[in-house]
Amino acid sequence: WLRPLAKPAGAVSGTLGCHRLTARVRAAFKDSGVRREHNSLRHSFCSYRLAITQNLAQTSLEAGNSPNVLQKHYRELVTTADAEAWFAVRPGQGDKSVPMESYRNLP
């Protein structure tokens with residue numbers, strides 16, 4: 001499902017820029033009815049990835065946090081089964097899946 005966004009090099013967002021991409025993500029959250037907290041996707045990634053890898057050093061490199069921060073804030077918050085389910089979410093599953101293409105024309 002990411003293949004249509006693939007490029008030989010560079011950011012997936014291309015010339016869209018971080019602020020416009022963030023606006024699209026916010027709009028997608030709002031339309032889906034899912035409540036969004038500041039940095040919630042980052043916090044979720046750290047928690048669920050650490051549950052899967054069980055490796056502070058690896059997850060630290062992937063997330064850009066120190067092992068101490070991961071140990072203090074993200075260790076043992078979720079189960080491995082919950083983490084596997086979180087990473088298994090794909091577009092087109094369930095009633096609340098919203099294609100990002102719908103948000104390409106936002107400012």
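Buried means under 20% relative accessible area, exposed means over 50%, and partly exposed covers what lies in between, using a 1.4 Å probe and protein chains only. By that scale Glu 37 is partly exposed, with a relative accessible area of 38%.

The model is predicted, so local features need pLDDT of at least 70 and side-chain atom pairs count only at pLDDT 80 or more, while totals for chains, interfaces and linings use all residues. Residues are numbered from 1 along each chain as its sequence is written, and side-chain values use heavy atoms, with hydrogens and water left out.

**Salt bridges**

Let's start with the charged side chains. A salt bridge here is a side-chain nitrogen of Lys or Arg within 4 Å of a carboxyl oxygen of Asp or Glu, and the structure holds two of them. In one, Arg 35 pairs with Glu 37, their closest N and O atoms being 2.5 Å apart. Arg 35 counts as exposed at 69% relative accessibility.

The other joins Glu 62 and Arg 49, at 2.7 Å from N to O. Because Glu 62 lies in helix α3 (residues 56–63) and Arg 49 in helix α2 (residues 40–53), this pair ties together parts that are 13 residues apart in sequence. Helices are DSSP runs (H or I, at least four residues), numbered from the N terminus. Glu 62 counts as partly exposed, at 37% relative accessibility.

**A buried serine**

Helix α3 also contains Ser 60, which is buried, with a relative accessible area of 9%. Which residues does Ser 60 contact, leaving aside its neighbours within four places in sequence? They are Asn 65, Ser 66, Pro 67 and Leu 70, where contact means heavy atoms within 4.5 Å.

**Aromatic rings**

Rings of Phe, Tyr and Trp (its six-membered ring) pair if their centres lie within 6.5 Å; planes under 30 degrees apart count as stacked, over 60 as edge-to-face and the rest as tilted.

| Pair | Centre distance | Plane angle | Type |
|---|---|---|---|
| Tyr 48 and Trp 86 | 4.9 Å | 25 degrees | stacked |
| Trp 86 and Phe 87 | 4.9 Å | 90 degrees | edge-to-face |

Tyr 48 sits in helix α2 and Trp 86 in helix α5 (residues 80–87), so their pairing ties together parts that are 38 residues apart in sequence. Tyr 48 counts as buried, at 18% relative accessibility. Trp 86 is partly exposed, with a relative accessible area of 29%, and Phe 87 is partly exposed, with a relative accessible area of 29%. Ring pairs link Phe 45, Tyr 48, Trp 86 and Phe 87 into a cluster.

Technical notes:
Helix = DSSP H or I, 4+ residues; strand = E, 2+ residues; numbered from the N terminus.
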